Structure formats: C-alpha cells, structure tokens
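The model comes first, then the details.

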Amino acid sequence: MVHKSPREVAVEVLTTVLERKKPLKFTLTDNILSIFKKADRAFLIELVYGVLRNLYYIDWLLNGFFKDKKKLSLYTINNLRCAIYQLVFMHIPSYAVTNETVNVEKSFNGKPKVVNAILRNFLRKYNEDELLHINKDMETDIKNLSILYSHPEWLIKRWAKRFSLDELKELLKANNEKPPITVAVKPEERQTVAEYFTQKGFNVNFSKHVNSGLIIEGQGYEIRKALFEAPFFWIVQDEASQLVCFLLEPFEGAFVLDACASPGGKTLLTAALIKKGTIVCVENNKKRLEKLKENIARVKKFIPQVEIKLILADICKMKFKDYLTSLGFNGNKFDRIILDAPCSSTGVIRRNPDVRYRVNEREIKRLSSIQKIMLENISHFLVKKGILVYSVCSTEPEEGEEVIESFLQKHNEFISIKKLRTYPHKDGMDGFFIAKLLRN
Ligand SMILES: C[S@@+](CC[C@H](N)C(=O)[O-])C[C@H]1O[C@@H](n2cnc3c(N)ncnc32)[C@H](O)[C@@H]1O
C-alpha cells in the first residue's frame, strides 16, 4: 500500500463523507488511524473533525476567492477547506500550509496552480481582527448562526423555537466541542478500573449521573487501544446511553428484550447490571448483527451468567413473534424491554459532526413513523408490571414526546413513569430522549 500523508487521507475522508454521505465513523476507522504515528494520527483527526465542525464557516471564508467553483473537483474543494482550517484554526505557518496543500493537489492530479493562487489571494486579504468583528455581529440571526456554528438553517430554526438565543448558542457551541470519552464498567469495579487507568497515565473521573461511568481524558484512539488491553468489563458508552439501562430497573434473573440491539452498548451494560438472566437481542441488519456478536464475544467472560440470544429480524413486522417462538420462548413475555430506536441522531452531533449535513426534516418524519410502529409492535411482548424503556439520541419532538404521546393515547394499559431529555450543553451528555413506561 502506498503510504499517504495525513493531509491526503483527510481530503479523501472528507470527500467520502460529504459527497458520498458515508458516515464519518465508518470512514475514518481505527484501521486507517493505526497506519499513522501518534502525532500524524492526532493531526489527521483534528483536521477532519475540525473541517466538519466548521464547514459552513470555512466555505464562507473561502467564498469570493473562487473564479469558477464548478470547475473544481470535490477533492480540490476539500483540499482548500483543509488549508483554511489549518490557517485559521490551527495557526500553522502559511508557507507550510500552501506547500503541503499544493503537494496534496499534485498527489491526485488536481489543479496545484489554481490552489496556490487561491491560497495566496486568501492570505493577502485575510485579516483576523476584521473577522473577530464580523463574528460578533453574526451572532444574531439564523442565517449567520448557521455560518458561524456550521449547522443547517432548518435545524437552527427548529431549536430556536424551543431555546432562548443564549441557550441556542450554547447548544451550537457544545455540538462543536470535543466530547468526553465515557466508558461504562461494572459499578462494583468502577474504583478498580479507575485506578488501573490512572496507573496507565490517563486522567480519569467518575461520571456524575450514573455509577457505572468513567470519563477518561485523552485521544479516543489511544484510549481505545489501552481499553483493549484492560482485564475488565468495559464498553465505550456515553452517560445518557448508560442512563437508559438504569431506568430499566434491571434485576437479577430478568428476561429482557433489546429490540434494536446493535452494536450492543445497552445489551452489555444491562447484562452487567442484571448479572444473571436472559437477554434477547433483535437486529435487522446482518452486518450490524455481526458487530454485535463481536462485541458480546469480547466481554462474555465477564458476564458468564447472562445468556444472550441473537435474532436477525425486523421488529416492524409481526413475523418477529414467530422468531421468538422458534427460539423456544413459547409466549413468554419479557420483564423488561429496551427500544433504542433508529433515529436522526441530532443528539450526537458532537460525536458525529457529519450528521448535521446528512439529516433532513423528511428523514425525521420518516423515522418518527417507524418508531411508532416499533413501539406498537413490541409493547405486546411485555409482562404486566413490566418496564419498557424507549430511547432515541434525537433532539426532535417527533421522535420523542410525539411517539410516546401517540402510543399512550392508544394504550391505557401503559403509564409513563418518567420522560426526560438530556443535552450536551446542559448535562455534558449526549442529547437523548428517554421514556420509561410501565404496563399495568
Ligand atoms: C440506535 S441503534 C441501537 C444502538 C444499541 N441499542 C446500542 O446501545 O448500542 C438502532 C439499531 O436498530 C437497528 N434497526 C433498525 N431498524 C430495525 C428494525 N426494523 N428491526 C430491528 N432492528 C432495527 C439498526 O440497524 C441499529 O443497529
């Protein structure tokens, strides 16, 4: 394999993510990151995440420097975006940025002369003091907020209906900050695991909202590398996601259905919390089911008394009932059900900065109707006095409150015990909607 520079890989990743709409987390993988030395790896991550978190702002800066943007390939445009990020946000000397950007352009037979001219022109006119002034004036209307914080206008408009201007800005800012790496461990082992990581040189803090969480400071890749050597039960999981498992009121011996299970974060923490029992995991995507299998295999030895069964099925279709019967669950209903439904992911923009450029309002409506069908279908599998926890990592009411209200209207045998929302700017957690329902 020809060894590419981090700048070349950044341009390729950005083109795949922005133009082919492939999620960043499946594009900039640990496999790719492992090719690089530590400093280059950190640079590549900063460049890709930085450009994505500031895309509209960078494009706004670049605008006016193109003669004919349409004549430039998407690679060239992303190469220029990387250059602007390095100049404005990373403060890398201009001669180095210009040289390297021209080299990247040559590596894919692009337009090195055009790129060189655009950057030189930009450097002549770019004035930091003037920008600071413009930024201050921009913080007032939606169009400007959209550029400054790089979020689509339609999403800001939605949030502006629910938040004051100050809070809206806090949310936008929080979405562009580097999120903490949070790990779920067994509550009874939290102290021991924290000491283990402290000894390995990491700064470790207890999470505030759940007693299974550890917040480990450092670069994600390096933390994941250290985690894979750790002789403990662990899963990388945000606090909000851990909270879902606690709201389930897990108990020893429970019979649990995880209706949308992969990659298994909630399955595994629930397994660690119930200690003994059975969890049936349903997932409709074959590839994702394989990922779930892998994740279970990694920690199975730490949860030996929990049986985990996997079913490849679509929970929107009642055929799913037959799958359960075929596995020997003859009409047995579940004590606990987790429905962590597929959603727009607008609550995890800080972890996946590309989500904001992929999602749209039509998609939110489509997902909302799927979520309603899912909830309707699985609700029949819950025992009386059983608990069902519904969750989505979305900020949008169509995927949260609306789903629960429409369900409760049709089902007076269910009551809602708790409904809550978490936000990155308020709680330091991912943005989740969680509802805890009890069947009477
Ligand atoms: C939000 S993710 C679940 C995350 C998981 N609960 C965790 O904590 O790691 C939703 C999952 O549901 C799966 N899914 C989507 N539609 C489904 C369906 N109709 N039936 C079963 N699973 C589905 C998706 O493939 C995805 O893996």
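Predicted model: local features only at pLDDT ≥ 70, side-chain atom pairs only at ≥ 80, totals over all residues.

R224 forms a salt bridge with D30. D30 is also partly exposed, at 30% relative accessible area. R224 sits in helix α13 and D30 in helix α2 (residues 30–33), so the pair ties together parts 194 residues apart in sequence.

The structure holds 27 salt bridges.

| Pair | Closest N and O atoms |
|---|---|
| R224 and D30 | 2.7 Å |
| R162 and E396 | 2.7 Å |
| R350 and D238 | 3.1 Å |

R162 and E396 link distant parts of the chain, 234 residues apart. R162 lies in helix α10 (residues 153–162). E396 lies in the loop between β9 (382–392) and α20 (401–410). R162 is partly exposed at 35% relative accessible area, whereas E396 is buried at 0%.

R350 and D238 are both buried. R350 is in the loop between β8 (334–340) and α18 (355–358). D238 is in the loop between β4 (235–236) and α14 (239–247), 112 residues apart from R350.

Salt bridges with shared partners join R158, R162, E361, K365, E396 and E398 into one network.

Next, helix α12 (residues 190–199). Its buried residues are R190, V193, A194, Y196 and F197. They lie on the same side of α12, because they cover an arc of only 160° around the axis. Their cover includes β2 (204–206), β3 (213–216) and α13 (220–229). Just after α12, G201 takes a positive phi of about 100°.

How values were computed:
Residues numbered from 1 in each chain as written. Heavy atoms only, no water. Buried < 20%, exposed > 50% of the residue type's maximum accessible area, 1.4 Å probe, protein only. Helix = DSSP H or I, 4+ residues; strand = E, 2+ residues; numbered from the N terminus. Arc of directions from axis to C-beta. Contact = heavy atoms within 4.5 Å. Salt bridge = Lys/Arg side-chain N within 4 Å of Asp/Glu carboxyl O.
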